[in-house]
Amino acid sequence: MSLSKNIAADLLKIKAVSLSPSQPFTWASGIQSPIYTDNRVTLAYPEVRTQIEKGFADLIKSEFPEVEVIAGTATAGIPHGAIIADYLKLPFAYIRSKPKDHGAGHQVEGRVARGQKMVVVEDLISTGGSVLEAVAAAEREGADVLGVVAIFTYELEKASIKFAEAGVKLATLTNYSELIEIAQETGYVTSHELALLKKFKENQETWLDVSE
């Protein structure tokens, strides 16, 4: 089994990702979703955590070989980013969701030199908005952001468009397509539920519409 599928299987096993097409979750945006993800759970499982961090290290070396500093997004990307930086023997910084309202008012915490080549670590990519704001903040403070890495992506078209418009490269350890394939293979979902999961990826607003 590939690393991508191994990680997808682990996310389901430890319930970092839950699938419930028949009784959808409600996202903060109000969207009814058949999937809920909390990748912070991975930190509680050393074997899963180690596989993820080693996977991240290899992914970064492959996709962003010029990297000079690792930055985690607050808060979910911070622990993963710190561990990855340790694996790669690189400096670590983290990016606040907004600038401090006192002191120097920095949004990037750590010591990042102007022009230093950075990779930003996130745990989950949904629409991509928050991590791209973090990238923009790092660039405003002088970093040369090579791209973003994440554990998992919902593979939403909205995110693809945003990353393309921003000119930011995204690399992930696993994704929605791999995860629902594993879910089918392991009997986690029925064929009807799998069809709903595929419809959700195509259109988040109409996937529950029986007329579709």
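**Ground rules**

I number residues from 1 along each chain as its sequence is written, and side-chain values use heavy atoms, with hydrogens and water left out. Because the model is predicted, I take local features only at pLDDT of at least 70 and side-chain atom pairs only at pLDDT 80 or more, while totals for chains, interfaces and linings use all residues.

**Entry 1: α2 against α3**

I started with helix α2 (residues 46–63) and helix α3 (residues 77–88). Helices here are DSSP runs of H or I with at least four residues, strands are runs of E with at least two, and both are numbered from the N terminus. The axes of α2 and α3 are 9 Å apart, and the angle between the helices is about 60°. Axes are lines fitted to C-alpha atoms, for helices over the stretch in contact, and angles run from 0 to 180 degrees between N-to-C directions. That angle makes α2 oblique to α3. The classes are roughly parallel for under 35 degrees, roughly antiparallel for over 145, roughly perpendicular for 65 to 115, and oblique for the rest.

I looked up the hand of the crossing as well: α2 passes α3 right-handed. Right-handed means that the near helix is turned clockwise from the far one by less than a right angle, left-handed that it is turned anticlockwise.

Which residues make the contact of α2 with α3? From α2 I listed R49, T50, I52, E53, K54, F56, A57, I60 and K61, and from α3 H80, I83, I84, Y87 and L88. Contact means heavy atoms within 4.5 Å. I sorted these residues into eight nonpolar, two polar and four charged. Nonpolar covers Ala, Val, Leu, Ile, Met, Phe, Trp, Tyr, Cys and Pro; charged covers Asp, Glu, Lys and Arg; polar covers the others, Gly among them.

**Entry 2: α1 against α2**

Next I took helix α1 (residues 3–13), whose axis comes within 11 Å of that of α2 and crosses it at roughly 145°. This crossing is left-handed. L3, N6, I7 and D10 of α1 meet V48, Q51, I52 and G55 of α2. The contact of α1 with α2 divides into four nonpolar, three polar and one charged. I noted that I52 is listed in the contact with α1 and also in the contact with α3.

**Entry 3: α4 against α5**

I then checked α4 (129–140) and helix α5 (residues 157–166), which pack at about 15° with their axes 10 Å apart. They are therefore roughly parallel to each other, and their crossing is right-handed. The contact uses G129, V131 and L132 of α4 with K162, F163 and A166 of α5. By class I have four nonpolar, one polar and one charged residues for α4 with α5.

**Entry 4: S126**

The unreviewed UniProt entry carries the annotation "binding site" at S126. UniProt positions follow the numbering used here, feature names are shortened, and annotations may be inferred rather than shown by experiment. I found S126 in the loop between β8 (117–125) and α4. Its relative accessible area is 25%, so S126 is partly exposed. Buried means under 20% relative accessible area, exposed over 50%, and partly exposed in between (1.4 Å probe, protein chains only). Leaving out residues up to four places away in sequence, S126 touches Y154, L156 and A159.

Is I182 buried or exposed? I182 sits in helix α6 (residues 176–185) and is buried, at 2% relative accessible area. Beyond four places in sequence, I182 touches M1, K5, A8, A9 and L12. I182 and A9 are 173 residues apart in sequence, with 6.3 Å from C-alpha to C-alpha.

I31 lies in the loop between β2 (25–26) and β3 (32–33) and counts as buried at 16%. Its C-alpha is 7.1 Å from that of Q204, 173 residues away along the chain. With residues up to four places away not counted, I31 touches F25, T26, K158, F200, Q204 and E205.

I found a cis peptide bond from A74 to T75, with omega near 0°. T75 is in the loop between β5 (69–73) and α3.

K89 is not a glycine, but I read a positive phi of about 55° there. K89 is in the loop between α3 and β6 (92–95) and is exposed at 69% relative accessibility.

E155, also not a glycine, has a positive phi of about 60°. I placed E155 in the loop between β9 (144–153) and α5, where E155 is partly exposed at 26%.
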